[in-house]
Amino acid sequence: MSRERPKRATLPPAQENIKKLEKVVNEGNFYGAQQMYKSISARYISAERYSEALDILQSGACIQLANGQITCGAELAVLFVEALTKGNYPCNDDTIDCVRKIYKKFPQISVPQQLGDVEVDDDIQKLSEAIGAAKIRVESCSSFLKTALKWSAQFGPHKSGSPEFHSMLAEYIFSETPEVDMAKISFHFVRGNTPQKFASTLVSFMGKCYPGEDDLAIARAALMYCALGNLRDANNLLDEIKKQVQSNNLELPSSDLMQFIEYLLQVLQRDALPLFNMLRANYKSSIDRDPSFNEFIDLIAEKFYGVQRRNPLQGMFGDIFKMMGAE
C-alpha cells in the first residue's frame, strides 16, 4: 500500500498571525516573538504569499522598534526589504511608504555631540551607555536603509538607490551619531531629495564643529554635487545656507576656500576650461586642505569639460568614485 504524501498545511490569513504575535510582544517576550516572526514569515515567503509575509514583517519591525528592541526590529526590517526583493516588488510610492513607516519607528534620542569634560563617575557611565546605545541605533538603521537602497537601485529608476532613502539615512546618522562624519552624511544628502534639510544640517553643524571645519563641510557638499554633474543643487544649497545663516543671525565662514567655491560655481556655468584650470591653480593651497577635494575636482573637470582623469579609480577615494557613477 503506497503512502500518500502529506499535504502542506494551509496558512491562515496573515492578520491572524499578526494579532497572535503582537500579543506575545505586548507580554514582553520579545525574543520569543522575534523567532516566531522570522519562522512564520518564512513560511509565507516559501508559499510565495509575499504580500502577507510583508505585512507580518512590517508589523513585527514596527512593534519591536516601538518597544525599544532596536536589534530585533532592525533584523525584521532587513527581512522586510529582502522579501520585497524576493517578490520582485517595484520601488514605487507604495513600497517607499512602507519603508518610511518602519524608518519612523527608529527612536531618535539626543546624544551630546560635544562631549566636553565629564568628571563624575555616574555621569561618565551614563554618557558611555548613551553613546553605546546611539551606536547600536545608527548601525541598525543604517543596515536597514542600506538594504533598502540596494533593493531600490535594482527595482527603481535611480542607479544609486532611492533619493528618499538616502535622505533618511543622512538625517538619521546626523541626528544620532555623537561624533559626526559630515563626509558620510553629505555623500547621502547629495543623492537625496531634501536640499533644504541638507542646508539646515550644515548650518547646525557650523554651530557644533571645531574651528576650520565649517567651510570644509560646505565646500565638500558643493563639490560633491558638482562631481555628480548637479550644478543646480550646488547653487541652491549655497543660496539656502546663506539664507538660513542670515535668518539665524550667524556668520557664513569667510575663507579662501569659500571664495573658491563661489567662483567655481560661476565658472562651471560657462565653457571655460582655461579659467577653470586657472582657478584651480590659484586656490591650490585651499583645495589641498582636504585630500578628497582634488579628486572631486578631477571628476568635475571630466563631467563639465570632458577632461579624462588619470587612474581615476585608484587611490584612497577610488571606492567613492565607483559609487558616484552618473545617473
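The model is predicted. The protein has 16 helices and zero strands. Of its 327 residues, 45% are buried.

**Overall make-up**

- Taking contacts between residues at least 6 apart in sequence, 66% join residues at least 24 apart.

**Helices α2 and α4**

- Helix α2 spans residues 30-46 and helix α4 spans residues 70-86; the two pack at an angle of about 5°, and their axes are 11 Å apart.
- α2 is therefore roughly parallel to α4, because angles under 35 degrees count as roughly parallel.
- On the α2 side, the contact is made by Gln34, Tyr37, Lys38 and Ile45.
- On the α4 side, Cys72, Glu75, Leu76, Leu79, Ala83 and Lys86 take part.
- Sorted by class, the residues of this contact of α2 with α4 are six nonpolar, one polar and three charged.

**Helices α7 and α8**

- Helix α7 covers residues 163-176 and helix α8 covers residues 182-189; they pack at an angle of about 155° with axes 7 Å apart.
- α7 is therefore roughly antiparallel to α8, because angles over 145 degrees count as roughly antiparallel.
- The crossing of α7 and α8 is left-handed.
- α7 contributes His166, Ser167, Leu169, Ala170, Glu171, Ile173 and Phe174 to the contact.
- α8 contributes Met182, Lys184, Ile185, His188 and Phe189.
- The contact of α7 with α8 holds seven nonpolar, three polar and two charged residues.

**Asparagines with positive phi**

- Asparagine 88 lies in the loop between α4 and α5, the latter being residues 93-103.
- Its phi is near 55°, a positive value in a residue other than glycine.
- Asparagine 88 has a relative accessible area of 54% and is therefore exposed, since the cut-off for exposed is over 50%.
- Asparagine 249 is placed in the loop between α11 (231-247) and α12 (256-267).
- For asparagine 249, phi is near 55°, again a positive value in a residue other than glycine.
- Asparagine 249 is exposed, with a relative accessible area of 72%.

Notes
Residues numbered from 1 in each chain as written. Predicted model: local features only at pLDDT ≥ 70, side-chain atom pairs only at ≥ 80, totals over all residues. Heavy atoms only, no water. Axes fitted to C-alpha atoms, helices over the stretch in contact; angles between N-to-C directions. Helix = DSSP H or I, 4+ residues; strand = E, 2+ residues; numbered from the N terminus. Parallel < 35°, antiparallel > 145°, perpendicular 65-115°, else oblique. Contact = heavy atoms within 4.5 Å. Nonpolar A, V, L, I, M, F, W, Y, C, P; charged D, E, K, R; others polar. Buried < 20%, exposed > 50% of the residue type's maximum accessible area, 1.4 Å probe, protein only. Left-handed = near helix turned anticlockwise from the far one by under 90°.
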